[in-house]
Amino acid sequence: MKKITFQNFNYQHKNNKVRIIGIDPGLGRVGYGIIEVVKEKKILLDCGVIETKKNKKEEDRLFEIFKDLNTLIDHWHPDIAAVEKFFFYRSSTTISVVQARGVIMMVLASRKIHVSEYAPAQVKLTIAGTGKASKQEVLEAVMYNLNLNYAPKPDDSADALAIALTKLNEEGFN
């Protein structure tokens, strides 16, 4: 497979670098990871979670995600985004997670940030080599790809980094 270089990368970049935000949606915790590729070297800039408190009203929690994600974007100025597709299953939190994902997609669209979406199995396959990879296998692959000596914490942020790496891999930055 041909390695993608900045001359034929699909998105605009400045000074031979591209910045991506990976997002693992949720209502209680939204994992995020910011990676910059400079001359084809992947650099972890930031990762963490946007947390909302269970005792708040749902609309307030969604608004908190909206504000905090906008703050992250204002600070890091990502060029592109990768978001986990919602894997439908029956749960009491299904609708809340879908609503949080809707807020995330709205923020990214309003900021004109191109979004790519990936199913969990696709992320596992791309990052760890099998669609049935364990959390530990995905975590180890994230650490390897970003040359980390420590595991990103919490798990939601590591998942977000895996999602971002999936997009970068799709573009040839492997």
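Trainee: Is Asp 159 buried or exposed?
Mentor: Asp 159 counts as buried, because its relative accessibility is 18%, and the cut-off for buried is under 20%.

Trainee: Which residues does Asp 159 touch, leaving out those up to four places away in sequence?
Mentor: With those left out, Asp 159 touches Asp 24 and Lys 135.

Trainee: What is the average pLDDT of the protein?
Mentor: The average pLDDT is 89, and 87% of the residues score at least 70.

Trainee: Where does pLDDT stay under 50?
Mentor: That is the case over residues 1-10, for which the model has 24 contacts beyond four places in sequence. Where pLDDT is low, the predicted coordinates should not be read in detail.

Trainee: Turning to charges, how many salt bridges does the structure hold?
Mentor: The structure holds nine salt bridges. One of them joins Asp 156 to Arg 29, with the closest N and O atoms 3.1 Å apart. Asp 156 lies in helix α5 and Arg 29 in strand β2 (residues 29-38), so this pair ties together parts of the chain that are 127 residues apart in sequence.

Trainee: And how accessible are Asp 156 and Arg 29?
Mentor: Asp 156 is buried, with a relative accessible area of 19%. Arg 29 is partly exposed, at 35%.

Trainee: Which residue forms a salt bridge with Asp 74?
Mentor: The partner of Asp 74 is Arg 111, and their closest N and O atoms are 2.4 Å apart. This pair also links distant parts of the chain: Asp 74 is in helix α1 (residues 58-76), while Arg 111 is in the loop between α2 (94-110) and β5 (114-118), 37 residues apart. Asp 74 is partly exposed, with a relative accessible area of 42%, and Arg 111 is partly exposed at 30% relative accessibility.

Trainee: What about Arg 101: which residue is its salt-bridge partner?
Mentor: Arg 101 forms a salt bridge with Glu 117, the closest N and O atoms being 2.1 Å apart. Arg 101 is in helix α2 and Glu 117 in strand β5, and the two are 16 residues apart. Arg 101 counts as buried at 13% relative accessibility, whereas Glu 117 is partly exposed at 33%.

Trainee: Which residues are linked in a network of salt bridges?
Mentor: Lys 167, Glu 170 and Glu 171 are linked in this way.

Trainee: Now to the strands. How many residues of strand β4 are buried?
Mentor: Five of the five residues in β4 (residues 80-84) are buried. In a regular strand the side chains alternate between the two faces of the sheet. On one side of β4 are Ile 80, Ala 82 and Glu 84, on the other Ala 81 and Val 83, and both faces are covered.

Trainee: In what sense does β4 pair with β1 and with β5?
Mentor: Strand β1 (residues 17-24) pairs with β4 in the parallel sense over four bridges, and Ile 21 stands opposite Ala 81. The pairing of β4 with β5 is parallel over five bridges, and there Ser 116 is the bridge partner of Ala 82.

Trainee: Finally, which members of the largest nonpolar core touch the most other members?
Mentor: They are Ile 35, Ile 127, Val 142 and Leu 146, in a core of 24 residues. Helix α5 gives the largest share of this core, six residues. Beyond four places in sequence, the residues that Ile 127 touches include Val 138, Ala 162 and Leu 165. Apart from this core lies another of 21 residues, among them Ile 23, Tyr 32, Ile 50 and Ile 65.

Technical notes: Residues numbered from 1 in each chain as written. Predicted model: local features only at pLDDT ≥ 70, side-chain atom pairs only at ≥ 80, totals over all residues. Heavy atoms only, no water. pLDDT = per-residue confidence, 0-100. Contact = heavy atoms within 4.5 Å. Buried < 20%, exposed > 50% of the residue type's maximum accessible area, 1.4 Å probe, protein only. Salt bridge = Lys/Arg side-chain N within 4 Å of Asp/Glu carboxyl O. Pairing = 2+ DSSP bridges. Core = buried A, V, L, I, M, F, W, Y, C linked by side-chain atoms within 4.5 Å.
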